2 protein chains.
Amino acid sequence: MLKMSTLFLRTLRDDPADAEVASHRLLVRAGYIRRIAAGIYSWLPLGVITLRNVENIIRQEMDQAGFQEVHFPALLPREAYETTNRWQDYGPSLFRLQDRRGADYLLGPTHEEMFTLMVKGEYSSYKDLPLSIYQIQSKYRDEARPRSGIIRGREFVMKDSYSFDIDDAGLDLSYQRHRDAYISCFNRLGMKYNIVKAVSGAMGGSKSEEFLAPCATGEDTYVLCPKCGYAANVEAMITKVPAGDPKGVPALEELDTPNTPTIDSLVTVMNKNFGGGYTAADTLKNIMLVADGKAIAVLAPGDREVDLKRLQENLRGVHELRVFEEADFAKHPKLVKGYIGPQNVKALGITLYADPRVAPGTSWITGANKKNRHARFVVNGRDFTPDAYIEAAEVREGDSCPECATEIIIDRAIEIGHIFQLGRKYADALNLSVLDQNGKSQVVTMGSYGIGVSRAVAAIAEQTSDEIGLNWPAEIAPAKVHIVATGKENLPFDTALTLGTDLEAIGISVMLDDRREASAGVKFKDAELIGNPIIVVVGKALADGNVEVRVRATGDKSEVSLANAVTAIAALLK
Amino acid sequence: MLKMSTLFLRTLRDDPADAEVASHRLLVRAGYIRRIAAGIYSWLPLGVITLRNVENIIRQEMDQAGFQEVHFPALLPREAYETTNRWQDYGPSLFRLQDRRGADYLLGPTHEEMFTLMVKGEYSSYKDLPLSIYQIQSKYRDEARPRSGIIRGREFVMKDSYSFDIDDAGLDLSYQRHRDAYISCFNRLGMKYNIVKAVSGAMGGSKSEEFLAPCATGEDTYVLCPKCGYAANVEAMITKVPAGDPKGVPALEELDTPNTPTIDSLVTVMNKNFGGGYTAADTLKNIMLVADGKAIAVLAPGDREVDLKRLQENLRGVHELRVFEEADFAKHPKLVKGYIGPQNVKALGITLYADPRVAPGTSWITGANKKNRHARFVVNGRDFTPDAYIEAAEVREGDSCPECATEIIIDRAIEIGHIFQLGRKYADALNLSVLDQNGKSQVVTMGSYGIGVSRAVAAIAEQTSDEIGLNWPAEIAPAKVHIVATGKENLPFDTALTLGTDLEAIGISVMLDDRREASAGVKFKDAELIGNPIIVVVGKALADGNVEVRVRATGDKSEVSLANAVTAIAALLK
């Protein structure tokens, strides 16, 4: 029984100055976590219990699915990460250090390499597969902007699983088993979530989905089709635009467009000098960027921004992406800033990408690659040909669902899980092969599956808390029942203790506010802030042989006779 | 149920090349741990289960004692450790790193500072105390010589508790409560151990005891009195030598002792030229050392080495200790190497320490501080006076117990727990005070209490394993019962599975060897190597309706009817 008279807990009346989101604010105020450094938190007793409840649910579901738990160190030697290039690729997000002999180590941000090597060390035959192994462990990422308390931390608890299969069909099955286990997990955690298509990004691999917990303050943006249920991270949203019909489009015509280096100024001049009805959507943006040191051009309709995060995720393997600066233009004197058109970009040795909205056969107004000159009737496929199409333009609410063309909704969420089909990237790099049925060596194909365990605590808090405090699902709460004893007599305190003991005897965990000096008002406020699902008040009603039972989530109150209290509370928790 | 047909496990026939001790050898061979780097190990499924069993016993005992669990990050900012000087004091044993902004961090080797700050953040009154909080967490120490597998690792799991009290009497009580909880813990873990007096060393503080698990390959040496039970780490062993009687000792006499720079050569010359019967015990060694850059002299009887580790632990707060080198002698030209005596050491501004065996009033042969000259009848208190007495001479089997003068035994052990009365060192440095009953600010007094959790796994293995494998106590083993199905028919496999299911239904964990391709011999060897306490063979005896039940620890075998098997096995485990 958690007795508040001795519990290591001080709730705070005021919001912490650095807290932007509800979960952060409330977890600090209710005495669950404390900040140690940017993105680094300690857990007080209530936080430890809650975190462990979440951890245990995840562990049980993993075990239930037949995945086996292992445990890796967080401190890892450089070699394997060097082999897969991630020692470099992670850039400043990786915590690197040296030991006393000067050997390089890192703090594991994720353990693909180590799991691959572990399986390589033990297994050698197709008969050993499939295998899924996991760990629950502290991970380290030196985030540029750690924020939102434990939602984006630099040290955090993660459950990471990895599957190993002999072939793609096996990987599909392992992926599905993880997907199912995740659904069970998040259902038990009492979370609302959507499973959305994702770009697998720096992890490599093919198929990838995210589990997103909708939340107004979430960092992730995703699209959802209200009709067919299509859901995707904005980075992974697919744009389907029909090809244009270039027949009947006049030949490319150069126009005199003085002082029109921006889309807005161009549209104004076009409408004034070259006929009416032009909008930004008729123009073509030529965005010059530097991707890992190499110049690239990206085409998008003039009425849409290029979404750099979306573009970068789709430019697989690019670690640094930025727009051209003056110095870059200086290196490419043939690019006329403000008047660039795709007509000659490729001739300059620059890769030309187009957003799918710049569909084949479509006709555009764009730069003429001469100062103060633009061109119209510039047709994709006739006057320029992109090297490749890439999702780059921003996604907007109301865009068309790629599956059913319904207008999509855009929402925000916290990423709580991510499942990947890695394929053979890591097994290839680290040489993990097994003998197949014919005695032939086959590279193993892998999946990687993560759940943010500490983040899930915050995400649940975001989804369930209200203006007065935390409000946990029963399986997550530090205790199922929070008994408040009030008054100055011994009777309510003795009665509360007996009731607590009786509840614990039938397996219902109890937190008991047995503080003698705190007022009833302070105790109620603390109970609401701490967020256990059932609050029982043992006080005035005792004169009638009753206790008051409150449901934290609904605010429902009722008086129950003391004799029936255990049964009534147990029924409420069912 | 752990089924070996799918368990992620490969046992090894051969000992790993780098394994020196039984626990390391067997934990690797039986597939519990794998080496990642020096002193850094991963845990395979059997290891995870065993480690968690140990962890849970410790957690239960801590909770039972009323200690509350919290959790700190391993990645910690430099500041607090700077304040207590441990950022420097830890020297190369501390893993240090910088984040992307260049801020200094460390990987926590132990968390005194952080716990002190946590309590400071929450508590402010004597009414809040006493408080004991703990965590179970990965710790990091860059050991100069990581060895013996998980016994001395660089990343390891530790349970560390800290107590907070308003006064010394409270600290005594908290210390005793931890001591009691540790006794319960180690008893439940099925370990043999001794509680020995220890020097608190770099941790500061006063009272300190170690829990040592006797083990021939242990790194720690301790003394034990077979009569009164006195036990101490050799570093903490106290020497009680009666004062000498200087009355009647002639005046100091200088002697001509050419070519006698060593004790041996001196004794030979003394016996030849100055009467017979001299031994090394009559001579006095003057050991010149450098302690944190400062020269010191230490006196010890000529027949005993100075134990540098023992000396350093007793020289509280000294981080680097080494014997004089040529360069040091060059800086002190008045010290005549080979002929130093304590008569003029203090005049040279050098602190003079004496081992207690160089008792007041005792008379010695020692150097005369002149080349080729010694002196006899050199009396402590008359011809020289030590600045302080310090335990420095080596401890030997047969030395006198300081409590009852019986001859002590010397044994080796693994340190599995350590309890300290820290006192106010950290609270002073980090300004942790509370108001007392009179509203006066009082610095809190602290205790620090550690258990090596991952090390305990190895220590239990060391104490219980035998030549054929591991041999766990039931509460620690990956499973309580290891069922081996043998033969080629389905019957034994089906029967074994049913038996396993029945056992698990009554809460007895089961590992089932259901491999179809492995021979009975391989399965028996694996069962013995893995070390679950009860081995049940479902095979030939089935023809008579029996199974064979083996007790791993004793080798006892008996046939039990299948119908009675569950009852019989449950009885054996009681």
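**Exercise 1.** In this predicted model, determine why the copies meet through the same surface.

*Solution.* Compare the interface residues of the two chains: 100% of those in chain B are also interface residues in chain A, so the copies meet through the same surface. Next, superpose the chains. A rotation of 180° with 0.0 Å of shift along its axis brings chain B onto chain A, with an RMSD of 0.1 Å. The two copies are therefore related as by a two-fold rotation axis. Finally, locate the axis relative to chain B: the C-alpha of L97(B) is the nearest to it in that chain, at 2.6 Å.

**Exercise 2.** Describe the open sheet of chain B that contains β14, β20 and β19.

*Solution.* Begin with the strand order, which is β14-β20-β19 in this sheet of 3 strands, with antiparallel pairing. Then identify the edges: β14 (253-256) and β19 (363-370) of chain B each pair on one side only. Neighbouring strands of the sheet are turned against each other by 30° on average, direction ignored. Now consider one pairing in detail. Strand β20 of chain B, residues 373-379, is joined to β14(B) by 4 bridges, and the two run antiparallel. Within β20(B), R376(B) is the residue that stands opposite E253(B).

**Exercise 3.** Identify the residues with the most contacts inside the largest nonpolar core, and list what V536(A) touches.

*Solution.* The largest nonpolar core has 262 residues, and V536(A) and V536(B) have the most contacts inside it. Leaving aside residues up to four places away in sequence, V536(A) touches V481(A), I483(A), V484(A), L499(A), V547(A), E548(A), V549(A) and I569(A). As a general background, nonpolar side chains tend to be buried together in soluble globular proteins.

Technical notes
Residues are numbered from 1 along each chain as its sequence is written. Chains are lettered from A and ligands numbered from 1 in the order in which they are written. This is a predicted model: local features need pLDDT of at least 70, side-chain atom pairs count only at pLDDT 80 or more; totals for chains, interfaces and linings use all residues. Two strands pair if DSSP finds at least two bridges between them. Axes are lines fitted to C-alpha atoms, for helices over the stretch in contact, and angles run from 0 to 180 degrees between N-to-C directions. Copies are superposed by least squares on the C-alpha atoms of residues with pLDDT of at least 70 in both. Two residues are in contact if their C-beta atoms, placed from the backbone, lie within 7 Å. A nonpolar core is a set of buried Ala, Val, Leu, Ile, Met, Phe, Trp, Tyr and Cys residues joined through C-beta atoms within 7 Å. A residue is buried if 20 or more other C-beta atoms lie within 10 Å of its own, exposed if 12 or fewer, and partly exposed in between; C-beta atoms are placed from the backbone.
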